[in-house]
Amino acid sequence: MAGRSLTLSKTGQQLARQALVRNSLTQKALAAERHIASWSTINRFFNGKPVDRIIFQEICTVLNLDWSQVVEESDIQPQATIDLPPPPSSSSLLATVQQNAAAAREALTPRILERIPRTVV
């Protein structure tokens, strides 16, 4: 479930409950007034159970919490690294640019046809 859902950490649960009190809200009021999700989903959020990523972030926004600070660490997947080839050396890059410039110059040169001799009748 780590891909589409997020879980509130233990410290995140405490911060979320404090944010509820600070905003003078209850879980039921959060569900009824803000229409983010059903009460059961909001209850799952506060009990540290997996909640859809978008809903998790919306609840954190309403509570003025930074979702990345209250999420369970195991839910955050490390960024995939991409192995890029080494950058070309400046001399090979210059040679490539010169080769492409010569090809473009040749393509832009107009072709002038030779005159066709015609006899006057």
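Author: Buried residues make up 25% of the 121 residues in the protein chain. Buried means under 20% relative accessible area and exposed over 50%, with partly exposed in between (1.4 Å probe, protein chains only). The model is predicted: local features need pLDDT of at least 70, side-chain atom pairs count only at pLDDT 80 or more, and totals for chains, interfaces and linings use all residues. Numbering starts from 1 along each chain as its sequence is written, and side-chain values use heavy atoms, without hydrogens and water.

The chain holds six helices and two strands. Both are DSSP runs, numbered from the N terminus: helices are H or I with at least four residues, strands E with at least two. Their order from the N terminus is β-α-α-α-β-α-α-α.

Now helix 1, residues 10–22. Its 13 residues should span 18 Å at 1.5 Å a residue, and the end C-alpha atoms are 19 Å apart, which agrees. The expected span is 1.5 Å times one less than the number of residues.

Gly12, Gln13, Ala16, Ala19 and Leu20 are the buried residues of helix 1. Seen down the axis, they fall within an arc of 125°, so they line one face of the helix. That arc is taken from the directions from the helix axis to the C-beta atoms. Cover for these buried residues includes helix 2 (27–34), helix 3 (39–46) and helix 5 (67–70). On the other side of helix 1, Lys10, Gln14, Val21 and Arg22 are exposed.

Ser24 follows helix 1, and its phi is positive, near 55°.

Conventions: Contact = heavy atoms within 4.5 Å.
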